[in-house]
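Keep the sequence and the model open while you read.

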Amino acid sequence: MSFDIRNGRLEEKSLTIEPPQERISEEHEAASSLRAALEKAIEIRLTKTSGIAFSGGIDSTFLAALAKNIDPSISLYAVGLPDSHDLAQAQRAAGIAGMEDSLKTHLLSPEEIEAGIPDVIYSTESTDPMKIAIGLPLYFVAKTAKGDGKRVLLTGQGADELFGGYSRHEGLLEQGPEMLDRAIYSDLKNISTINLERDDMVTMANSVELRVPFLDQEVIKTGLSISPELKVLKRDSLYIRKYILRKAADGLLPSELLWKEKKAIQYGTGVQKVLDRLAREAGFSKREGNHIEKYLKQVAANEGFDFIFR
């Protein structure tokens, strides 16, 4: 199935996830078809009040480069603690790609993150540590974009699921291409409840609409038709995840950006370290386990959020 965000609501479209009748195994054809589908998906989602959540990784940088060809005034938004990996990478990627004037950054402070935790817990109705740690940076990206007059935020959500971007996908390829294929179908079927609802909730907490070009119906259809061996490529003993996505961006982005890996957002922005410190300072021992979850539940209880007791 395919997903998109319209008017702040997650909507499911009628595309069944089934193995395609024909597979694209030729690299150039796959890259060309993917780039064309993604460019069209971005074009129909751009408005004059659109911005892009930007981390400097291949997903957001490819989106940004394609979007700039359509709308040269497109703005990119990045957040993180001072000297954080994601801010440095976003600034470097924007500079290399010639989009430094489009990038708008917001320096987070531990105090700002702490103050935002209740809003993210409330909007997601969750005290799950991973959900909150990933939701917080996007919450602040949306807040920054809203302060800049934006009402729509494009993200790279779905690229990892569709093109084999997780480390576990490497092991699945070792078990056989059909195992990787099966995992990708499963990831896409579950992406709504696992990731998209969280992202939609935290952006809508700032009255910003989330749009996801990688989960456009035609992009998914094209992505599923591409042979799994082009998604996770093994050369000697090394793996290149999202290989065909990187090849689709070849010629648009310099090679320095095409092959660079990035950290998960909660680590790259520094949010995870702040949550860890806040939990320990609140008296929860890391050695006893689940210290961040215990802290988040305490915050929810102090705020009177009754959903944690359901």
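With which residue does Glu209 form a salt bridge? The partner is Arg211, and the closest N and O atoms lie 2.8 Å apart. Note that this is a predicted model.

**Salt bridges**

The structure holds 17 salt bridges in total. Salt bridges with shared partners also join Glu27, Lys247 and Asp250 into one network.

Side chains of opposite charge can pair when their charged atoms come close. The table lists three of the pairs.

| Pair | N to O distance |
|---|---|
| Glu209 and Arg211 | 2.8 Å |
| Asp187 and Arg168 | 3.2 Å |
| Glu174 and Lys234 | 2.5 Å |

Take Asp187 and Arg168, whose side chains meet in a salt bridge. Asp187 lies in helix H8 and Arg168 in helix H7, so the pair ties together parts that are 19 residues apart in sequence. Asp187 counts as buried at 12% relative accessibility. Arg168 counts as partly exposed at 42%.

Now Glu174 and Lys234, which meet at 2.5 Å, N to O. This pair links distant parts of the chain, 60 residues apart. Glu174 sits in helix H7, and Lys234 sits in strand E8, residues 233-235. Glu174 is partly exposed, with a relative accessible area of 44%. Lys234 counts as partly exposed as well, at 39%.

Helix H8 runs over residues 177-204 and includes Asp199. Is Asp199 buried or exposed? Asp199 is buried, because its relative accessible area is 4% and buried means under 20%. Which residues does Asp199 contact, leaving aside its neighbours within four places in sequence? They are Leu138, Gln157 and Leu210.

H4 has 15 residues. At 1.5 Å a residue, H4 should span 21 Å, and its end C-alpha atoms are 21 Å apart, so the two values agree. Where does H4 bend? The bend is at Gly116, by about 35 degrees, and a proline, Pro118, follows within four residues. Gly116 and Pro118 are both among the buried residues of H4. Others on that list include Ile113, Ile117, Val120 and Ile121. An α-helix has 3.6 residues a turn, so residues three or four places apart point the same way.

Glu125 follows H4. This residue lies in the loop between helix H4 (110-124) and helix H5 (129-147). The phi of Glu125 is positive, near 50 degrees, in a residue other than glycine. Most residues other than glycine have a negative phi. Glu125 is partly exposed, with a relative accessible area of 47%.

Lys242 is not a glycine, yet has a positive phi of about 55 degrees. Where is Lys242 placed? The residue is in the loop between strand E9 (238-240) and helix H10 (243-248). At 7% relative accessibility, Lys242 counts as buried, whereas Glu125 is partly exposed.

Key:
Residues are numbered from 1 along each chain as its sequence is written. This is a predicted model: local features need pLDDT of at least 70, side-chain atom pairs count only at pLDDT 80 or more; totals for chains, interfaces and linings use all residues. Side-chain values use heavy atoms; hydrogens and water are left out. Helices (H or I, at least four residues) and strands (E, at least two) are DSSP runs, numbered from the N terminus. Buried means under 20% relative accessible area, exposed over 50%, partly exposed in between (1.4 Å probe, protein chains only). Contact means heavy atoms within 4.5 Å. A salt bridge is a side-chain nitrogen of Lys or Arg within 4 Å of a carboxyl oxygen of Asp or Glu. The expected span of a helix is 1.5 Å times one less than its number of residues. The bend at a residue is the angle between axes fitted to the seven residues ending there and the seven starting there.
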